[in-house]
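User: I'm new to this one, could you walk me through it? Start wherever you like.

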Amino acid sequence: MKRLLLAAALALMPLAACAQTPASAPAGHGHAHADFESGRFHVRVEGEGRDIILIPGLTSHPDVWEPLVARLEGDWRVHMIHIQGFAGAPAMDNIDGPVSAPVAEEIARYIEEQGLEDAVVVGHSMGGTIAMMLAARHPDLVDRLVVIDMIPFMGNVFGGATATPESVTPIADQIGAGMAASTPEQWRASATASITGMVQTESLRAGPIEHSVTSDPGVAGRAMRELIVTDLRPELAAITAPTEVIYVAFNNPGMTAEITDGIYAASFANLEGVVLRRIDDSAHFIMLDQPDALAAAINDFLD
């Protein structure tokens, strides 16, 4: 089981690269940014209707959500989070320390200050971790929760079923430091190799690769370390929002759909009533590889 979980890491661990550009969108971008001051993220807002917050994964850009946004049924005001330090945004307050936990707290503040009610929160990969933190620590702020291709304790991927945050800390430290110390050339090579494995549709890889390449390596490394040592399983019982977890089968030697199903069922055992849905013929970026299937699963859950 430990060997299989280690293989599964390839499906859950995006890498990043360095280079930074201003966070503000150019004129004519077709969307607005929320009037919210934060050094952790900025928010693209589109549409009118019920509020849905979309949180992308490690080194990802809000653009990855466009296929889903185009397929959402009903009227929605969409809030797309862009985490500072990822995909060209300057690091700002994410320049040191943890990333996911502070971002989750800032999203809670965003919901309260913007007066959002009955908010739906959707998170992919690291965004799924942030979404779980938000729903568990601020249950009154989340009406529905959707987690895409993320388990509540990535430490199991690296340390097996009996892993603890303490037991996986050495490897988390090594991975985080290695990411931060990579040269730009190493970052680009790692990003290309990683995204190639996480986006099955070859024609759609260029955007996510560039988002990874233009991310801050220090922010990405510390965020990755945080993900590995954070165990949210004890907090899942605090989530009161109906929750759907959508995932893909790990596409690694020795892995099967049934083994993947078992890993997800065990990982979310503490969350009563959770809906687990596997989408086949897709890699990690389900919103790119299987946009219709993902949208159908989410629309059905939110109906």
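Analyst: Y110 is buried, with a relative accessible area of 0%, where buried means under 20% relative accessible area with a 1.4 Å probe and protein chains only. This is a predicted model, in which local features need pLDDT of at least 70, side-chain atom pairs count only at pLDDT 80 or more, and totals for chains, interfaces and linings use all residues. Residues are numbered from 1 along each chain as its sequence is written, and side-chain values use heavy atoms, leaving out hydrogens and water.

User: Is F41 buried or exposed?

Analyst: F41 is buried, at a relative accessible area of 1%.

User: And what do F41 and Y110 form?

Analyst: F41 and Y110 form an edge-to-face aromatic pair, 6.5 Å centre to centre with 80° between the planes; rings of Phe, Tyr and Trp (its six-membered ring) pair if their centres lie within 6.5 Å, with planes over 60 degrees apart counting as edge-to-face, under 30 as stacked and the rest as tilted. Because F41 lies in strand 2 (residues 41–46) and Y110 in helix 3 (residues 100–114), the pair ties together parts 69 residues apart in sequence. Here helices (H or I, at least four residues) and strands (E, at least two) are DSSP runs, numbered from the N terminus.

User: How many aromatic pairs does the structure hold?

Analyst: The structure holds six aromatic pairs. The rings of F36 and F41 have their centres 5.8 Å apart and their planes at 20°, so this pair is stacked, and F36 is buried, with a relative accessible area of 9%.

User: Which residues do ring pairs link into a cluster?

Analyst: Ring pairs link Y247, F250, Y264 and F268 into a cluster.

Key
Buried means under 20% relative accessible area, exposed over 50%, partly exposed in between (1.4 Å probe, protein chains only).
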